[in-house]
Amino acid sequence: MSASKEQEPASSASPPAQATASQEHAAGPKAIIAAATNPGNSKAPPQPTAAATASQDTGLLETAVSSANSPESKHETDPHKTAERDRELVEEFEYLLEKSQQLFSGLSDLPEIGSKYWQPHFQRTFEVYTKLWKFQNQHRLLLEKPEHYGLKRWEVGEIASKIGQLYYRYYLRTSETNYLQEAFVFYDAIRERNYFKGEQEVRNSALMIKKLRYYARFIVVCLQMNNTLMMLQLLEEVKSLIDVYSTTFNPVDKMEWSLVVKEMALFMQAVCSPVPVDEGGLTLPVSYRLVPRRRARMDRDVSRFRLQEAVVVGNRPTQIKFSELTLDMYHVLQMLEREPSVHTASVATTPATEAMSANTEPPPITATTTTDSSVFGEGAKSPEISESASSAIMAQEKPANLEGNNAGSNPDTAKSDIVVSEPKEKPRDKAEGSNERDMDRAVRRPNPHKYVLYQPSVSQIQVYLANAFREVGEQGCVLLYLSSDGQYANATDETSKTIAAQNGYIGGVSTMRRATSEANQDRGVEQLIHTLHPADLVPFTRKALFLIVESECSMAYRNIPNLFNQPLLCLLSPTTYPVQTNTGNIYTFFLHSPIVAFCVIAQITTMSAGKWTQLHRMFDEFEDAVWDVLLAQVSDAGVRKFMSDDFLRQILIRHVLCCVVLELHVEFTRAEHLPQSSPDHFQEAIKVPSLKLKARDIIEFCAVTDIFRANDSSPPEPQQHPADVISTAL
């Protein structure tokens with residue numbers, strides 16, 4: 001299928017393809033990685049129009065008809081007609097290629113908030129790349145001929161790389177991990193088929209830069225998917241490639257690329273090193289994303305909340321980071337996504353890899369794909385693309401859709417014409433189901449949409465937070481995570497300090513500040529200006545707000561007044577840690593993965609696979625016991641609403657688990673060493689003897705009794721903080 005220029009006129013305002021390529025060439029490695037790891041994103045999956053849904057181009061992964069039926073393979077008696085037809089096909093390909101480059105270049109200029117502004121552009125970009133990929137598949141033999149276009153292998157790889165980037169950018173906008181999986185499939189297929197490998201890469205610096213960018217983006221995707229083995233392989237390959245790039249061309253940006261690789265290696269080491277290894281030195285398996293579990297049901301009269309929006313803020317310049325993603329931010333992002341169910345396909349390949357096949361290509365690779373599209377969210381709308389799960393199922397269940405006499409006989413030429421309709425949202429089951437049905441519904445719920453902000457200003461935090469609240473419904477809530485250095489108000493002018501404290505501006509987490517030109521400005525006043533104070537968050541308590549603060553000034557956010565009688569809960573990290581690690585802050589690590597965080601503070605580095613499996617089971621039982629205690633002892637209506645959401649329930653369970661474990665540690669002896677909550681609805685739950693018994697069973701099982709206290713000494717009492725003035729000042 002091809003599109004005519006009459007149907008898709010080129011916009012005169014768009015830059016030409018050559019200008020787009022030169023702009024991309026000018027971008028440095030830091031900019032490439034920043035664009036991949038900093039999702040300036042917004043919500044709402046695309047909802048194609050009726051015309052787009054009825055379009056013949058039903059998906060990016062809809063493969064072409066067998067090349068035996070392509071126009072160029074048919075016998076033409078008139079050579080003039082044949083030459084004219086070939087010229088028109090080449091012009092059509094050039095038009096689609098230029099149009100796709102224009103649209104892709106425009107993705108960077110889209111606003112980060114407001115789906116109605118960016119959604120149509122993404123929809124149009126997907127449609128054009130659908131036509132472009134299918135068109136080059138249909139006419140590959142013609143386009144590869146030097147007398148027509150001279151399509152190179154690396155140019156096909158660049159198109160595939162753009163499709164992978166498109167999927168990944170859409171994942172950043174929607175937080176749906178199925179698009180992350182599709183990006184991985186395309187990137188992995190490019191590597192397996194060596195699209196960017198050839199003799200000319202040692203003589204062409206532009207091609208080497210394209211390959212380096214591809215590796216950098218692929219590593220980011222593998223990092224998000226926790227694919228450790230692939231990350232290590234890619235890191236070794238990109239190191240070798242940078243050495244070749246430096247020695248061959250001696251470029252000016254060789255040091256910058258070397259720094260990027262060092263940053264990658266350091267970040268991967270910080271992510272992988274906390275996990276214990278077995279006797280053979282292999283990293284033990286661990287799941288970081290949300291996994292549905294069978295737990296006791298809540299009361300039927302409690303209205304169910306859903307975490308719809310999350311704003312993740314990181315401002316720790318000294319913490320290990322990868323581009324604009326610190327360890328704390330990475331841990332929280334993993335915590336706010338569901339673990340997809342995957343298996344290794346052994347019979348059929350994914351439509352993504354089938355779509356990459358052509359007459360001259362090697363057989364399609366076997367990839368790891370999802371087999372149940374429901375794991376990515378019930379009723380989630382997708383652009384004009386086909387998802388690997390639903391497409392693979394349809395390809396197996398509907399062989400009649402295969403076109404061509406020889407379809408299926410040759411793995412290189414077999415093309416499945418798959419038509420994937422828009423996923424329909426299933427009607428909600430009104431009857432109370434079993435735990436298995438509850439788990440199934442939990443898996444089908446979408447992930448919360450996330451804004452990820454690295455070193456933002458106060459105004460930026462407020463803008464994104466306001467947009468998040470605009471998108472939240474009556475039964476939805478917003479999570480705000482703050483990981484930053486902090487400070488209390490310290491104005492030299494006592495009058496200014498007193499007025500600020502009386503109005504609730506007592507200090508909090510620091511934000512990015514601009515250099516001031518006023519040398520005589522009070523530094524204390526300047527700190528007040530560039531601090532996110534508890535009073536700054538009061539206007540956002542008009543809707544349900546779940547706040548997590550990881551800072552040495554976390555206690556400044558105690559007792560934020562609930563003026564609007566909406567659910568409000570603040571989880572506050574310890575203000576000091578007696579145990580220092582290079583793997584991120586301990587409290588956030590416990591919320592991210594309690595079993596790995598326990599191994600960090602207990603200094604456990606090796607464990608047999610069988611013992612690790614048993615330890616997993618003990619932590620699962622520990623979390624189940626915490627949940628039973630919370631159900632029995634927490635009576636606050638607002639907190640119970642938070643407990644009805646899968647993600648917030650897990651966070652609350654792990655908060656209590658963290659408090660129980662840290663209270664038993666010999667180093668955590670003071671009140672500022674322990675997390676707290678405001679309002680404090682969990683103090684009684686933390687003191688329950690059965691939970692301490694569960695913790696001691698784990699301690700004895702791991703044989704680390706020397707690091708934890710043997711007696712049941714009562715925890716230190718919380719101390720008064722300047723934050724207490726807020727409740728009376730406002």
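Buried here means under 20% relative accessible area, exposed means over 50%, and partly exposed lies in between (1.4 Å probe, protein chains only). Helices (H or I, at least four residues) and strands (E, at least two) are DSSP runs, numbered from the N terminus. The model is predicted: local features need pLDDT of at least 70, side-chain atom pairs count only at pLDDT 80 or more, and totals for chains, interfaces and linings use all residues. Residues are numbered from 1 along each chain as its sequence is written, and side-chain values use heavy atoms, with hydrogens and water left out.

Let's start with strand β12. Five of the five residues of β12 (residues 568-572) are buried, so this strand is largely enclosed by the rest of the structure. L568, C570 and L572 point one way from β12, while L569 and L571 point the other way. In a regular strand the side chains alternate between the two faces of the sheet.

Two strands count as paired if DSSP finds at least two bridges between them. These are some of the pairings:

| Strands | Bridges | Sense | A facing pair |
|---|---|---|---|
| β11 (residues 545-550) and β12 | five | parallel | I548 and L571 |
| β12 and β13 (residues 676-678) | three | antiparallel | L571 and S677 |
| β9 (residues 507-510) and β10 | two | antiparallel | S510 and T531 |

The β9-β10 pair belongs to an open sheet of three strands, in the order β8-β9-β10 with antiparallel pairing. β8 (486-488) and β10 (531-532) stand at its edges with a single partner strand each, so one side of each has no neighbour in the sheet.

Now to the nonpolar cores, which are sets of buried Ala, Val, Leu, Ile, Met, Phe, Trp, Tyr and Cys residues joined through side-chain atoms within 4.5 Å. The largest has 157 residues, and L479, F546, F598, I651 and F708 touch the most other members. Leaving aside its neighbours within four places in sequence, I651 is in contact (heavy atoms within 4.5 Å) with M335, L336, L479, F546, I548, L571 and L591. A second, separate core of 30 residues includes I461, M555, I560 and L568.

I461 also brings us to helix α16, where it is among the buried residues, along with V458, Y464 and F469. Helix α16 (residues 458-471) has 14 residues and reaches 20 Å from its first C-alpha to its last, close to the expected 20 Å. That expected span is 1.5 Å times one less than the number of residues.

Finally, S644 lies in the loop between α23 (637-643) and α24 (646-664). S644 is buried, with a relative accessible area of 2%, and its side chain reaches the backbone nitrogen of F305 at 2.8 Å.

Terms used:
A polar contact is a pair of N or O atoms within 3.5 Å; within protein, one must be able to donate a hydrogen and the other to accept it, and residues adjacent in sequence count only if both atoms are side-chain atoms.
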